There are 2 protein chains.
Amino acid sequence: MERITIIGLGLIGGSLGLALKAAKLTGIEIVGYDKDKLAAGEARRLRVVDKSEPVLQRAVRDASLVIIATPIMAIRGVMEEIAGELRENCVVTDTASTKAIVMEWASQLLPVTVSFVGGHPMAGKETAGVQNAEAKLFAGKPYCIIPAPDASEGAVRVVTGIVQLLGARPLFIGAEEHDRYVAAVSHLPLVLSSALFTLVRSSPAWPELAALAGSGFRDAARLASTDAELSHDICLTNRESVLHWLDRMVEELGRYRELLQQGQEEELFKTFARAQLDRDTYVAAGPPVREPVAAEELLTSGEQLAALLVGERLVRRVKDIGKLLDGRQERVRRKGVEGRDEP
Amino acid sequence: MERITIIGLGLIGGSLGLALKAAKLTGIEIVGYDKDKLAAGEARRLRVVDKSEPVLQRAVRDASLVIIATPIMAIRGVMEEIAGELRENCVVTDTASTKAIVMEWASQLLPVTVSFVGGHPMAGKETAGVQNAEAKLFAGKPYCIIPAPDASEGAVRVVTGIVQLLGARPLFIGAEEHDRYVAAVSHLPLVLSSALFTLVRSSPAWPELAALAGSGFRDAARLASTDAELSHDICLTNRESVLHWLDRMVEELGRYRELLQQGQEEELFKTFARAQLDRDTYVAAGPPVREPVAAEELLTSGEQLAALLVGERLVRRVKDIGKLLDGRQERVRRKGVEGRDEP
């Protein structure tokens, strides 16, 4: 029995649990931990995990894969607490919205005997908590994968396999690149939404404004309902990139303002028309296909995932002996998967 | 047979037609006009109107109710063209997103023998055109009603009746107040969305950004797909209010920026937390109930609407004779509606 441990049973951790359970994994036990006993109890009740473990160190002991799905600022403490308990060749991943700082913590705090592969699902909704978890939360969404420089290729395959089981699109990217890019498409919209809602809500005419508001305001202000701890942690851990994009946004608004103020009708129309055309094109094109995964690499069952988890441990343990590796490949082949060389 | 004429068969005009047809109006014929012959043909094919009329003046002749659902900047020209053709006591309304300028045009251009009651459905979507029309587009949405100072009470009842048939919530409001308020909850989100999309789209890293973007970016940038003519017309006809809210938004973003720049963690967290709490409260409360309409005033069938349209004309025509008015009330009463004094 291979153990997968999910630390942090909120919307993301809970949805991961549900998705992994929905994949009907055989030979895999999903253990959950949350420092909030109520959340842990709720996760058990909702069958998000097979069992919950009240002591963090015990939860990760013997785990083949540990997924840290806590708030960003809690990750450092979690890593410190679990570092001494992780078994050799354990694969550790996370789900944090900023990556450079998490990669740094992992490199400082986790033992060299484990592999860290950072993760960031570009999914979520404005309602937090395990009670809002959904197995389909990640389906069709991009899922960033950022392997540590010393992560084994097998560990990368395990995390990629999980991402595929979730129905998400694996996206390999560097940590700094990731943080700059998500500042534009995720963190800036978050700050805009929060600022828009705060501004309108603080007006003395708020009751009238609320009565008038339609779906435009609802959507534009939706991200204001993002969990405040998440918003705060994102801003602090990705400060420079968020500031950069905020400044550029204010410049862009200034450009619109000038066109409007100076009555440059034609240019104003062109600006709106270009945005409309470009966004319509973007939406019509659907999600871009990048880094396609070859069919033979797709993990299609929990059994294969278990085999991978086992394989990864074996491979690392006996790096110098090819025999066991060949044995695993045989076993995987018998289960209908194309074998593939591991390092 | 009473005639309702819809001028402008786009998303809004088309949806109005579908909603009125869905109400199974008896004794009412819905005529459509669009200067674009293709749109008019499509509207006929989709049965959005009972018939389309290729000549604007002929389309409004003998109409009891004329709904102008063209782009804002086209309304002035439409009013000039139809002014001489409107029959006495005709009720004229519109669906424009800004109201002060439309009320001014109506007062200058329409004959005193007709009643103008401005309208603005707080509904829409980012896909324009009659092919995207939906009978349910207005259901549950606020619908602003702005009667001209000299509009008859009967005309206001006709437009209110239409709004109720659509399933929308009538909201009585002054034109200047309307324009200031919608600048905050509708026009500002529109400009923000367009500027956000334009900014991100213009980045050299756009292919990567597009691959990473999730539902947060999608929703925050949704309004960038608003019809560019509508965005442009809104900004031009509500310039001062849009500029006012744009400036306040830039100030608010500056406040977030300062908190972030100066590392004021606690205040930043509080700001996000307040926005989250307030928005959650706002969403949980649902649409505010304002100006409730008494049950006996609700129009529940097309027959009643036809009676109102007839009644309005009769009432205006023989202001000095009470007899015909009493006759109408009798007739309406027989149909199960509480009679009510008309001016």
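This is a predicted model: local features need pLDDT of at least 70, side-chain atom pairs count only at pLDDT 80 or more; totals for chains, interfaces and linings use all residues.
The axis of a helix is here a line fitted to C-alpha atoms over the stretch in contact, and the angle between two axes runs from 0 to 180 degrees between N-to-C directions. The axes of α12(A) and of helix α10 of chain B, residues 228–237, come within 8 Å and cross at roughly 140 degrees.

Sorted by class, the residues of the contact of α12(A) with α10(B) are 7 nonpolar, 3 polar and 1 charged.

A second pair also joins the two chains. Helix α11(A) packs against α7 of chain B, residues 175–201, at an angle of about 120 degrees, and their axes are 9 Å apart. This angle makes α11(A) oblique to α7(B). The crossing of α11(A) and α7(B) is right-handed. From α11(A), the residues A:Arg248, A:Met249, A:Glu252, A:Leu253 and A:Tyr256 take part. They meet B:Val191, B:Ala195, B:Leu196, B:Thr198 and B:Leu199 in α7(B). The contact of α11(A) with α7(B) has 7 nonpolar, 1 polar and 2 charged residues.

Helices α11(A) and α12(A) also meet each other within chain A. Their axes come within 8 Å and cross at roughly 145 degrees, and the crossing of α11(A) and α12(A) is left-handed. Here A:Tyr256, A:Leu259 and A:Leu260 of α11(A) meet A:Glu267, A:Leu268 and A:Thr271 of α12(A). This contact of α11(A) with α12(A) divides into 4 nonpolar residues, 1 polar and 1 charged.

Now turn to the whole contact between the chains. How many residues does each chain give? Chain A gives 75 residues, and chain B gives 75 residues. On the chain A side, the elements with two or more residues in the contact are α7 (175–201), α8 (206–212), α9 (215–220), α10 (228–237), α11 (239–261) and α12 (265–285). Of these, α7(A) gives the most, with 18 residues. By class, the chain A side consists of 47 nonpolar, 14 polar and 14 charged residues.

The arrangement of the two chains can be described by one rotation. Turning by 180 degrees, with 0.0 Å of shift along the axis, superposes chain A on chain B with an RMSD of 0.0 Å. The two copies are thus related as by a two-fold rotation axis. In chain A, the C-alpha nearest this axis belongs to A:Ala220, at 2.5 Å. The same surface serves both copies, as 100% of the contact residues of chain A recur in chain B.

Finally, chain A itself has parts. Its domain assignment gives domain 1 (2–173 + 294–334) and domain 2 (177–285). Their contact takes 14 residues from domain 1 of chain A and 16 residues from domain 2 of chain A. On the domain 1 side, α4 (72–82), α5 (100–109) and β7 (142–147) each supply at least two residues. The residues of that side divide into 9 nonpolar, 3 polar and 2 charged.

Technical notes
Residues are numbered from 1 along each chain as its sequence is written. Chains are lettered from A and ligands numbered from 1 in the order in which they are written. Two residues are in contact if their C-beta atoms, placed from the backbone, lie within 7 Å. Helices (H or I, at least four residues) and strands (E, at least two) are DSSP runs, numbered from the N terminus. Ala, Val, Leu, Ile, Met, Phe, Trp, Tyr, Cys and Pro count as nonpolar, Asp, Glu, Lys and Arg as charged, and the others, Gly among them, as polar. Copies are superposed by least squares on the C-alpha atoms of residues with pLDDT of at least 70 in both. Domain bounds come from an automatic or database domain assignment. A crossing is left-handed if the near helix is turned anticlockwise from the far one by less than a right angle, and right-handed if clockwise. Angles under 35 degrees count as roughly parallel, over 145 as roughly antiparallel, 65 to 115 as roughly perpendicular and the rest as oblique.
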